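Please work through the following exercises with the sequence and the structure open beside the text, and try each task before reading its solution.

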Amino acid sequence: MTGKPKGKVHLLDYVAGNIRSLVNAIEKCGWEVEWVRSPEDVKKADRIILPGVGHFGHCLTSLSNAGYLPVIREHIEAGKPFFGICVGQQALFSSSVEAPNVAGLGLIPTSLKRFDPAAAEDGTKKSVPCIGWNSASTLHHQAQENGTRQSFYGLSESSKYYYVHSYFAPYTPGELERDGWTVATARYGSETYVGAIGRGNVFATQFHPEKSGAAGLRVIKAFLEGRQLSEPLQSSVNSKLADVTDARGGMNGLTRRIIACLDVRTNDAGDLVVTKGDQYDVREKDDTRGVRNLGKPVELAKRYYQQGADEVTFLNITSFRDVPIRDLPMLEILRRTSEEVFVPLTIGGGIRDMVDPGTSQTVKALDVAKMYFESGADKVSIGSDAVLAAEEFWKRGGKGDGTSGIETISAAYGRQAVVVSVDPKKVYIKNGEEAQTHHFVKSSETDVEGRSLCWYACTIKGGRETRDLDVVQLVKAVEAMGAGEILLNAIDRDGSNRGYDLDLIRMVKAAVGIPVIASSGAGVPQHFEEVFRETAVDAALGAGMFHRGEYLVSQVKDHLGEQGLLVRPYEELAP
């Protein structure tokens, strides 16, 4: 933040996810944050923001035990501005099926429901959690003056906002409006729900405005400045992308997510660089000593954000991953990126229980994840440790024991904060008997011996070690343990520019109910179109084609929009 702040807003943090990104967004809008440390601070505050991710019961119980619920009610009843985000919005409702015995604040007499995975209109099952960019539409009752629509807290019909949740407040036309509420809605399959809601001094969003790019910053700024209703915003949205009807239908408001991935490691000079290789070989072909350097991490992340990337993922493949708690350069990259990039940030590499060689003390995966969240990450990606945890899961007869990194992190921060990065490789077989206990599929390709049947073996240590665990066994286990998303790589496709492994993607999507991100093999925009048309994948990731400057993220989105696929519009970045 530069210059004198325009004002001060109090932020109530009950230790729930990436609060740093919200602070950065508020400061980007020119305001100052002061932390609420006690109920007495609430009484002295003018504007209050209650953010949150994770469990409804955890949120309300934590607030109740700390004595916050009575003073929050007093703050609202006194007519002071209040802004609830995600679970902070859900707290305004009466109850949730997520925690039936825990009462909400009760300002809105509605109970939250869980998304029905079978409710998609195009016949495909819906992924839960719902993760992605969706609308916040007030067209059903937006105020009009002289035939011109007004904006509700800066919300725009042509913009999309970032949602990540499993539970929602169902919307029935006219019901909430009778009590004076203004409602902005979103849809997921056949289910219409409350995306944002406001009345008087109270405003709340199910989406995360701090992770919704320029559109979200406008919402935050409107709340801080007290602009409930304002003149229509002049949209700078790329006209080719603003009003596209998705060719597959079904998921309605959810866009096709495009994720930019940055493999980060130290080069031989000790500097952190973005690199990319073929099947995990990141050294130059004509110089075995040099690590391929494709740019600086923060600069590239900001570039992809400006081009319209829906998320940015950092995979920390440096030697620091052995002791990530001492990886100060990577933490600094996260901090600096989160100050400029207002879309979700994922970090992966070395998230597991370990021993700190400096102190000889055991450090839990949860503590490593907390460190990344505090530095600006929204999600953590677990790789090798997830494979080992899955092996133990099946040894126990398909049961978790509550101690794995997946289980402890998802219990503390919600399953949407845990991504499992999978690195499978094909194992061709002559017949089904050779697969033994492994799940196999008929591939669209054959090996040198003409075999088309194969199973996908999981690997660890960056693909250097193969395990006797197939990809279906892995994803089923990690979903049961609490993972919220699968980042599905393919060693055989990595760096090939041949497109995604559609056989692998279909197999994994059929096995789990959580979102799946397609990775490995994208070389041209048509590969993104192909994977979205030919599979039910939730998002697609690109790396080398962006790093080498062969295509911009915006060019991929232009192509998808021209082909009738719904994507998030990219907008000017001023809040």
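The exercises below concern a predicted model, and each is followed by a worked solution.

**Exercise 1.** Determine the strand order of the open sheet of 7 strands, and state which strands form its edges.

*Solution.* Tracing the open sheet from one side to the other gives the order β2-β1-β3-β4-β15-β14-β13, and the pairing is mixed. The strands that pair on one side only are β2 (32-35) and β13 (182-188), and these are the edge strands. Averaged over the sheet and with direction ignored, neighbouring strands are turned by 25° against each other.

**Exercise 2.** Describe how β1 and β3 pair, and find the helix that packs on the sheet, touching both of them.

*Solution.* Strand β1, residues 8-11, and strand β3, residues 48-50, are joined by 2 bridges in the parallel sense. Within this part of the sheet, Leu11 stands opposite Ile49 in β3. The helix is α6 (residues 213-224), which touches β1 and β3 and also β4 (82-85) and β15 (202-205), while its direction makes about 155° with that of β4.

**Exercise 3.** Characterise the packing of helix α14 against helix α15 by angle, axis distance, handedness and residue composition.

*Solution.* Begin with the geometry: α14 (residues 471-481) and α15 (residues 502-511) pack at an angle of about 35°, their axes being 9 Å apart, and the crossing is right-handed. Then list the residues in contact: from α14 they are Val471, Val472, Val475, Lys476 and Glu479, which meet Leu504, Met507, Val508 and Ala511 of α15.

**Exercise 4.** Classify the pair of Phe393 and Trp394, and decide whether Phe393 is buried or exposed.

*Solution.* The ring centres of Phe393 and Trp394 are 5.0 Å apart and the planes meet at 85°, so the pair is edge-to-face. Phe393 has a relative accessible area of 5% and is therefore buried, whereas Trp394, at 38%, is partly exposed.

Notes: Residues are numbered from 1 along each chain as its sequence is written. This is a predicted model: local features need pLDDT of at least 70, side-chain atom pairs count only at pLDDT 80 or more; totals for chains, interfaces and linings use all residues. Side-chain values use heavy atoms; hydrogens and water are left out. Two strands pair if DSSP finds at least two bridges between them. Helices (H or I, at least four residues) and strands (E, at least two) are DSSP runs, numbered from the N terminus. Axes are lines fitted to C-alpha atoms, for helices over the stretch in contact, and angles run from 0 to 180 degrees between N-to-C directions. Contact means heavy atoms within 4.5 Å. A crossing is left-handed if the near helix is turned anticlockwise from the far one by less than a right angle, and right-handed if clockwise. Ala, Val, Leu, Ile, Met, Phe, Trp, Tyr, Cys and Pro count as nonpolar, Asp, Glu, Lys and Arg as charged, and the others, Gly among them, as polar. Rings of Phe, Tyr and Trp (its six-membered ring) pair if their centres lie within 6.5 Å; planes under 30 degrees apart count as stacked, over 60 as edge-to-face and the rest as tilted. Buried means under 20% relative accessible area, exposed over 50%, partly exposed in between (1.4 Å probe, protein chains only).
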